[in-house]
There are 2 protein chains.
Amino acid sequence: MNSCLVNNPWRAGTLEMGPKRVTVGILGLGTVGTGVLRLLDGNGDRVAQAAGVRVEVAGVAVRDVHKPRVVTPAPGLLKGDPGAVVNDPGVDLVVEVMGGLEPAGAWVLRALELGKPVVTANKELVASRGRELLDAAFRHRTRLRFEASVGGGIPIIAALGDSLAGNRVGQIIGILNGTTNYILSRMTSDGVEFPAALAEAQARGYAESDPGADVSGQDAACKIAILASVAFGVHVPAAEVPREGIAGITSRDVACARELGCVIKLLASAKEEGGTVRARVFPALLPLDHPLAAVTGVFNAVWVTGDAVGETMFYGQGAGQLPTASAVVGDIIASARELARGGVFHPLLVWDRPKPAQAPGPSEAAFYFRMLVSEQPGALAAAVSVLGDQEVALARFTSRGRGQGGTEWVLVTQPVEEQRLKDALCIIQGLPAVKQVGNAIRILDAPSGCG
Amino acid sequence: MNSCLVNNPWRAGTLEMGPKRVTVGILGLGTVGTGVLRLLDGNGDRVAQAAGVRVEVAGVAVRDVHKPRVVTPAPGLLKGDPGAVVNDPGVDLVVEVMGGLEPAGAWVLRALELGKPVVTANKELVASRGRELLDAAFRHRTRLRFEASVGGGIPIIAALGDSLAGNRVGQIIGILNGTTNYILSRMTSDGVEFPAALAEAQARGYAESDPGADVSGQDAACKIAILASVAFGVHVPAAEVPREGIAGITSRDVACARELGCVIKLLASAKEEGGTVRARVFPALLPLDHPLAAVTGVFNAVWVTGDAVGETMFYGQGAGQLPTASAVVGDIIASARELARGGVFHPLLVWDRPKPAQAPGPSEAAFYFRMLVSEQPGALAAAVSVLGDQEVALARFTSRGRGQGGTEWVLVTQPVEEQRLKDALCIIQGLPAVKQVGNAIRILDAPSGCG
């Protein structure tokens with residue numbers, strides 16, 4: 001035995017001590033709740049070492065206490081009523097992994113009103129009511145933590161809210177939805193079309209039977225709203241984040257992007273500009289040498305720039321039982337440390353800066369789009385003339401014979417205001433030679449350029 | 001004005017409060033110290049918001065108080081004696097950015113003995129005396145933080161020690177030295193030889209005039225020793241980390257690696273195996289599709305696997321004034337929060353697990369090496385026979401005519417114990433047909449394979 005252990009005053013019991021244990025009440029025992037129980041059980045020694053106190057589960061609220069389960073909590077711990085957990089004076093800290101807005105929201109609020117710290121994995125709840133819940137936590141001198149709500153096990157909330165807190169964040173660009181990244185990766189690597197890639201994602205359990213929230217960008221919008229709120233200290237409502245999904249992307253778009261030295265990714269971005277926070281979700285052509293371009297399959301990544309730290313990137317599994325539980329347990333450890341320490345409450349995270357988030361106004365980007373036209377003289381001149389009228393300048397044009405379907409044009413614009421391009425494409429769609437105009441997809445700015 | 005601001009009890013002054021400010025004493029005003037002053041000054045509002053209290057500089061110790069400086073602290077703050085800062089009762093928290101083992105070590109210890117939290121960027125100090133200093137912090141109920149000692153602004157210590165603390169870490173693989181990564185990147189992108197790439201790195205200020213600590217792997221060994229200590233809770237002395245540098249890597253090695261679908265990187269790795277922690281620094285062939293393969297130039301990255309979180313990666317600038325200051329200020333914020341909170345001390349990070357780190361014993365890997373031979377019958381048979389005697393099996397062999405210099409062989413082995421291969425190469429070096437045997441470079445295991 002080494003001398004440090006012998007001399008260790010904590011182990012020798014000579015230091016004044018906080019509580020010897022912190023008790024946790026868990027609301028919900030689905031995929032994530034089961035993962036949290038597994039980790040607290042299997043890695044309990046690690047958790048105790050990191051928290052400075054033992055963390056014990058004192059109650060688990062489930063809908064049906066008699067249902068057979070993969071992980072069975074000790075007898076007496078299962079409760080049919082969340083109130084029996086939240087209101088239990090023997091529960092120090094509440095973990096909400098029920099999901100959904102209600103009744104999860106009411107129980108989180110109740111726990112905070114009791115002054116109990118809350119850890120949640122619930123992105124819908126934080127994105128829609130984060131400001132109100134943080135305010136309640138604040139008033140009742142406790143904390144709300146939600147690392148697991150964005151990016152699964154990637155510690156991105158901690159990075160933005162703690163480690164990089166000395167920086168002014170410039171921009172956040174994330175691949176925040178594993179389902180759509182899997183679909184786009186399959187379309188890129190094997191040239192399959194969107195419906196087939198989606199079906200495959202569903203068969204593998206990467207996509208819900210109703211994939212709407214993923215494919216439409218709604219899930220990513222929730223997550224970037226949360227990241228933007230943390231980074232800029234202002235509540236960004238998810239509903240106000242403009243979003244475009246990926247259902248319109250074709251394997252031909254993916255192939256054309258590749259020819260331009262790019263991959264197509266569904267990105268979520270946020271930055272502060274002229275006093276307002278702009279967030280959006282959109283598919284984009286990303287240069288192959290951008291660090292985010294290498295993020296494939298169900299992985300997530302968040303690229304963050306700060307005025308001091310420069311460029312950083314955080315990468316990992318964005319979903320799944322144990323990655324999400326890893327983030328929940330990280331938050332439990334942080335909360336348990338504070339509970340063990342006691343002391344005077346001091347406020348940290350608030351989203352009340354008097355600088356409202358705004359829907360993005362006009363913003364410029366270069367765009368890629370495809371058109372199918374019938375070969376006839378003057379067709380290009382007509383199209384270019386319409387673009388010119390809207391002040392859309394071309395950076396690149398390629399024409400390619402495609403047999404009986406007509407001729408394919410692939411066009412890349414100079415940076416242009418989006419609405420001007422959309423207006424132009426609307427008119428172009430009506431030109432006699434034009435059979436079809438594909439989606440305009442923005443090209444991400446990158447120092448290395450693209451296209 | 002919105003209702004949250006009006007109702008905010010903290011701003012209304014109705015909550016019991018900790019101190020309204022925390023004072024910082026800074027030891028050293030070189031590159032990093034200047035960056036810390038700049039950030040605390042320029043981003044003071046962000047820091048106060050994140051810390052929950054204002055952070056004010058109360059003293060800066062420098063060798064020469066009269067020297068002209070880029071950033072000039074307020075009059076009276078500069079002290080010629082570190083003791084005047086450390087011992088000042090008006091200094092709550094000490095930031096050590098002097099560098100070097102002494103007198104930095106003595107002042108850090110003194111501050112901890114006074115119960116003052118210490119933030120340091122000093123990798124040599126933490127790698128060599130981290131255990132003793134953490135123990136001192138522990139005994140005096142305060143904290144030692146050292147995020148800036150590894151990976152510049154990348155929050156990797158926080159990730160391992162806090163966010164991922166519910167995981168059992170499987171393996172850490174890092175690109176932890178920006179100088180050597182820049183050199184290898186230049187050798188890869190432009191085919192220049194090591195001496196030219198080093199000279200270029202020096203001309204750009206990326207390498208010291210004495211680049212020994214970088215090129216030999218000593219700097220990376222310090223950093224992986226620190227990461228391993230944090231991840232596994234056991235002090236890994238940097239001096240015991242086996243290391244190989246990159247001075248022997250040639251542009252021909254880089255080109256051969258590329259043909260095998262790999263890039264050459266200087267890696268630092270650590271894992272726990274059979275009850276001991278194994279760390280090492282070595283150049284390696286890394287498959288191009290490994291997330292670390294895309295980390296080029298002066299950037300650093302750390303790839304971490306955990307039993308819950310799976311694969312993660314953290315990427316950013318590994319050095320430089322402001323990235324390093326970003327990490328120091330993150331630690332100042334964490335320390336200021338605790339000071340503001342007060343409460344009962346509870347122990348967190350200790351490196352006293354009774355599981356000693358051990359120098360790696362035999363370990364298996366596949367290796368790449370090159371040989372120059374003179375064309376003569378039986379040469380390959382002789383070499384293969386020597387390899388076979390040492391139980392080294394080949395995975396791949398390519399022979400290439402190289403004009404007057406002889407024939408070049410490129411060989412890749414099956415996984416083999418390193419010492420056996422070295423013994424075999426020693427014998428092969430003496431074979432009559434063999435003109436030269438290059439360095440054996442290990443090939444990193446990756447699911448996707450390589451070579």
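This is a predicted model: local features need pLDDT of at least 70, side-chain atom pairs count only at pLDDT 80 or more; totals for chains, interfaces and linings use all residues.
1. Helix H5 of chain A spans residues 104-113, and its buried residues are A:Ala104, A:Gly105, A:Val108, A:Leu109, A:Ala111 and A:Leu112. These residues lie on the same side of H5(A), because they cover an arc of only 160 degrees around the axis. In general, an α-helix has 3.6 residues a turn, so residues three or four places apart point the same way.

2. The buried residues of H5(A) pack against several elements of chain A: helices H4 (82-86) and H6 (123-139), together with strands S4 (93-96), S5 (118-120) and S6 (144-145). After H5(A) comes A:Gly115, with a positive phi near 80 degrees.

3. Strand S8 of chain A (residues 262-273) is largely enclosed by the rest of the structure, because 9 of its 12 residues are buried.

4. S8(A) is joined to strand S7 of chain A (residues 169-175) by 4 bridges, and the two run antiparallel. Within S8(A), A:Lys271 stands opposite A:Gln171.

5. S8(A) also pairs with strand S9 of chain A (residues 276-287), in the antiparallel sense and over 12 bridges. A:Leu285 in S9(A) is the bridge partner of A:Ile264. S8(A) and S9(A) form a hairpin with 2 residues between them, and A:Gly274 in the turn has a positive phi of about 55 degrees.

6. A:Phe397 is located in strand S13 of chain A (residues 394-401). A:Phe397 counts as partly exposed because its relative accessibility is 33%, and partly exposed lies between the limits of under 20% for buried and over 50% for exposed.

Definitions and conventions
Residues are numbered from 1 along each chain as its sequence is written. Chains are lettered from A and ligands numbered from 1 in the order in which they are written. Side-chain values use heavy atoms; hydrogens and water are left out. Buried means under 20% relative accessible area, exposed over 50%, partly exposed in between (1.4 Å probe, protein chains only). Two strands pair if DSSP finds at least two bridges between them. The arc is that of the directions from the helix axis to the C-beta atoms. Contact means heavy atoms within 4.5 Å.
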